[in-house]
Amino acid sequence: MQQQKINFRQERDFGSVLGDSLKFLKQNFKSFFTSIVLIVGPLILLMGLMYAYFQTTLMSNFNRDPSNPLGIFNSDYFTTLGITVLCGFLSNILLSSVTYNYMCLYNEKGAGEKITVSEVATKLWSNIGRLIISSIVLIITLILIVTIITLICIGIFSGLGVGGAVVVGLTIFFSLIIFMPVFAYFIPASFYLVVRDNVFIYTAMGKVRTYLSGNFWWTWLIMVVSIICLSIVQGLFSLPASIMMMTKLLSRGQETGSDSSLLLMTFYTLAMFFTYCTYSILQLIAAFNFMSHEEKHEGKGLQSKIDEIV
């Protein structure tokens, strides 16, 4: 039986946002994750290997000379860290591009029409440049903002006593609790618009911010629940590596062998791979939540239904 196509332009409540996101995954599970594995997978695996090598080398250097903890910060450390960060940056861009281009293809095609990896790859190349530029601009902007906020906080801390510093610290803590889940929605939703509407990041962020008005706390709740659930799943992926790393820490000074390091690298690589794949679910949820806000403000989906009836 042909599955009913999900209507993107539709107002959704809390349950519908999560429900339609999971329904989308259920309908497209094989082709969606195949596209991620084949297009983004090699880069994620490379990043996972570099991260695993980074962690195991860090632990080996520390175990070799525990009396000199700063000895771990050698040239290999910074080289591996740089490659890992670069791979992570590119992996995030490709993952966003695959996820959102896949959604666009789904919306363009008729009910039941298959989406192939080659179609996703072709569409990806049409807007990858805009995504890269938008990502670089966003990172530079965030670095500037964080730097300014940090300098302001340092100035406030230095001018206040211990009591004032505690109050400011608690204010920052609760601000993070309130705004970080919404920020975790704001950025993916903006990149969805970069892909869908062929706009740059500031234009997309302006639209997301406008439509967020009146939907802040529902978005906060949706993202908190989503982040907690995905964090549990991702924690399970990382559990074998964490257990093995703890074992190596407890047996510090004892010879664990190259087989142990190779197994740890394998666990870290697989954990990184599956963690990135599941992050696409959060991107889907952010996109469906935005489309609900968009329909609430514009009403184009409702208007098209009225036109069909007339």
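Colleague: Which residues does Ser-21 touch, not counting residues up to four places away in sequence?

Modeller: Ser-21 touches Leu-284, Ile-285 and Phe-288, where contact means heavy atoms within 4.5 Å. This is a predicted model, in which local features need pLDDT of at least 70 and side-chain atom pairs count only at pLDDT 80 or more, while totals for chains, interfaces and linings use all residues. Residues are numbered from 1 along each chain as its sequence is written, and side-chain values use heavy atoms, leaving out hydrogens and water.

Colleague: Why is Ser-21 called buried?

Modeller: Buried means under 20% relative accessible area, exposed over 50%, and partly exposed in between, using a 1.4 Å probe and protein chains only. Ser-21 has a relative accessible area of 2%, so Ser-21 is buried. Ser-21 is found in helix α1. In the protein, buried residues make up 39% of the 310 residues.

Colleague: How many helices and strands does the protein have?

Modeller: The protein has eight helices and zero strands. Helices (H or I, at least four residues) and strands (E, at least two) are DSSP runs, numbered from the N terminus.

Colleague: Where does helix α3 bend, and by about how many degrees?

Modeller: Helix α3, residues 117-159, bends by about 50 degrees at Asn-127. The bend is the angle between axes fitted to the seven residues ending at a residue and the seven starting there. Asn-127 is itself among the buried residues of α3, which also include Leu-124, Ile-128 and Leu-131.

Colleague: What makes a group of residues a nonpolar core, and how many residues has the largest?

Modeller: A nonpolar core is a set of buried Ala, Val, Leu, Ile, Met, Phe, Trp, Tyr and Cys residues joined through side-chain atoms within 4.5 Å. The largest has 62 residues, and those with the most contacts inside it are Phe-8, Phe-24, Met-103 and Phe-290. Helix α7 gives the largest share of this core, 13 residues. Leaving aside neighbours within four places in sequence, the contacts of Phe-290 include Tyr-185, Arg-196, Lys-207 and Tyr-211.

Colleague: Which residues form the nonpolar patch on the surface?

Modeller: The patch is formed by Ile-148, Ile-152, Ile-156, Phe-157, Leu-160, Ile-172, Leu-176, Met-180 and Phe-183. Patches are made of residues with over 30% relative accessible area and no salt bridge; like charges are joined within 9 Å and nonpolar side chains (Val, Leu, Ile, Met, Phe, Trp, Tyr) within 5 Å. Helices α3 and α4 each give two or more residues to the patch. Met-180, which lies in helix α4, has a relative accessible area of 42% and is therefore partly exposed.

Colleague: What makes the pairing of Arg-9 and Glu-294 a salt bridge?

Modeller: A salt bridge is a side-chain nitrogen of Lys or Arg within 4 Å of a carboxyl oxygen of Asp or Glu. The side chains of Arg-9 and Glu-294 meet at 3.6 Å, N to O, in a salt bridge. The pair links distant parts of the chain, Arg-9 being in the segment before α1 and Glu-294 in helix α7, 285 residues apart. By this rule, the count comes to 10 salt bridges.

Colleague: Which residue forms a salt bridge with Glu-294 at 2.7 Å between the closest N and O atoms?

Modeller: That residue is Arg-196. Arg-196 lies in helix α4 and Glu-294 in helix α7, so the pair ties together parts that are 98 residues apart in sequence. Lys-207 also meets Glu-294 in a salt bridge, at 3.5 Å, N to O. Salt bridges that share partners join Arg-9, Arg-196, Asp-197, Lys-207, Glu-294 and Glu-298 into one network.

Colleague: Is Glu-294 buried or exposed?

Modeller: Glu-294 has a relative accessible area of 1% and is therefore buried.

Colleague: What is the phi of Asn-198?

Modeller: Asn-198 has a positive phi of about 55 degrees although it is not a glycine. Most residues other than glycine have a negative phi. Asn-198 is found in the loop between α4 and α5, and its relative accessible area of 45% makes it partly exposed.

Definitions and conventions. Accessible areas come from the Shrake-Rupley method with a 1.4 Å probe; for residues, only the protein chains shown count as cover.
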